Amino acid sequence: MAIPYMFEFQNMHRIAASYMPHNKRSEAVLKHMGFEREGFAKDYLLINGKWEDHILTALHNPNWKES
């Protein structure tokens, strides 16, 4: 529900999301929502005292218009 709102009413151009490579459920949710893989970030976030790698994804607004 948030994606259409952010694209249509807030006129966002892109929404980014990241997940840890071993988190297959997060990967599946993002793929289902249309997010595309854009890259890999080594030691991206410090989680519980350990630097964790992340997969970077984004969803672009196909109807974005300059306001």
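Two strands pair if DSSP finds at least two bridges between them. Strands here (E, at least two residues) and helices (H or I, at least four) are DSSP runs, numbered from the N terminus. The model is predicted, so to speak of local features a pLDDT of at least 70 is needed, side-chain atom pairs count only at pLDDT 80 or more, and totals for chains, interfaces and linings use all residues. Residues are numbered from 1 along each chain as its sequence is written, and side-chain values use heavy atoms, with hydrogens and water left out.

**Exercise 1. Work out how the strands are arranged.**

Step 1: Start with the parts list. The chain has two helices and three strands, in the sequence pattern α-β-α-β-β.

Step 2: Zoom in on one pair. Strand β2 (residues 36-47) is joined to β3 by eight bridges. Along this pair, E36 stands opposite A58, and A41 stands opposite H54.

Step 3: Find the turn. β2 and β3 form a hairpin with two residues between them, and N48 in the turn has a positive phi of about 50°.

**Exercise 2. Find the largest nonpolar core and say which elements build it.**

Step 1: Know what to look for. A nonpolar core is a set of buried Ala, Val, Leu, Ile, Met, Phe, Trp, Tyr and Cys residues joined through side-chain atoms within 4.5 Å. Buried means under 20% relative accessible area, exposed over 50%, and partly exposed in between (1.4 Å probe, protein chains only).

Step 2: List the members. The largest core has eight residues: I3, F7, I15, Y19, L30, F35, I55 and L59. Two or more of them come from each of α1 (2-8), β1 (14-19) and β3 (50-60).

Step 3: Check one member. Contact means heavy atoms within 4.5 Å. Leaving aside neighbours within four places in sequence, L59 has contacts that include I3, F7, I15 and F35.

**Exercise 3. Decide whether T57 is buried or exposed.**

Step 1: Locate T57, which sits in strand β3.

Step 2: Read its relative accessible area, which is 5%, so T57 is buried.

Step 3: See what surrounds T57. Not counting residues up to four places away in sequence, T57 touches I15, A16, A17, Y19, L30, F35, E36, R37 and E38.
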